[in-house]
Amino acid sequence: MLKKVIYWTQIKCGVAFLEKTRENFIRRMYGEYYDMLYRYCLPELNFDEGAAADCVHAAFDIAEARYEKLIQRPNLRGFLFKTVKNMVHHHRRDNRRVYVASLDFIASIPDPCNPFDAIELTNADIERISGEVLSCLRPEERELHRLYYVENRSYADIAKAFGVSEKAIRARLARLKVKLKEKIIYFS
């Protein structure tokens, strides 16, 4: 019923009312949802306050551009959260980390195409490569690596230490193995 009244009033009062209503709608939406959306974005973006604010503002820009459709939607909050989630995804995609190895490290790696350079890696080389690889991991991933590979702890022990299920630990370890393989290939 309220939607019909708003729509009828918009037709009756014309463009001036539409613009005033639009501005009030955007202000109300901003005031009601900004903090909630911002608090959602912060942990998703590793507590980068500027990136979180940018994603929330981009979501509100999209909402403002789709004003006519939004006033007819019953779930404005759902639209905003989905939009902000997409903005976070785009931000992550556009700002992926680029791992740069030092030039000394790259020069020390033997060329596999040159048979004279194809020598076995020494323990020092292996330690240097593993140090470079582990430095690219997040602290939580390094801790998982230490518990599973260095201390040889069981899934149950690790799950208890992290406060999650064994299934979650198995999934995290699978992702960690893939990440480690990629980094080892990159650094060796």
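Aromatic pairs number 8 in this predicted model, where rings of Phe, Tyr and Trp (its six-membered ring) pair if their centres lie within 6.5 Å, and planes under 30 degrees apart count as stacked, over 60 as edge-to-face and the rest as tilted. Because the model is predicted, local features need pLDDT of at least 70 and side-chain atom pairs count only at pLDDT 80 or more, while totals for chains, interfaces and linings use all residues. Residues are numbered from 1 along each chain as its sequence is written, and side-chain values use heavy atoms, with hydrogens and water left out.

**Aromatic pairs**

- Tyrosine 30 and phenylalanine 60 form a tilted pair, 5.1 Å centre to centre with 50 degrees between the planes.
- This pair links distant parts of the chain, 30 residues apart, with tyrosine 30 in helix H2 (residues 15–44) and phenylalanine 60 in helix H3 (residues 49–65); helices (H or I, at least four residues) are DSSP runs, numbered from the N terminus.
- Tyrosine 30 is partly exposed at 35% relative accessibility, whereas phenylalanine 60 is buried at 6%, where buried means under 20% relative accessible area, exposed over 50% and partly exposed in between (1.4 Å probe, protein chains only).
- Ring pairs join Tyr30, Tyr34, Tyr38 and Phe60 into a cluster.

**Isoleucine 62**

- Isoleucine 62 lies in helix H3 and is partly exposed, with a relative accessible area of 24%.
- Leaving aside residues up to four places away in sequence, isoleucine 62 touches Phe79, Thr83 and Met87, contact meaning heavy atoms within 4.5 Å.
- Isoleucine 62 and valine 84 are 22 residues apart in sequence and 9.7 Å apart in space, C-alpha to C-alpha.

How values were computed. Helix = DSSP H or I, 4+ residues; strand = E, 2+ residues; numbered from the N terminus.
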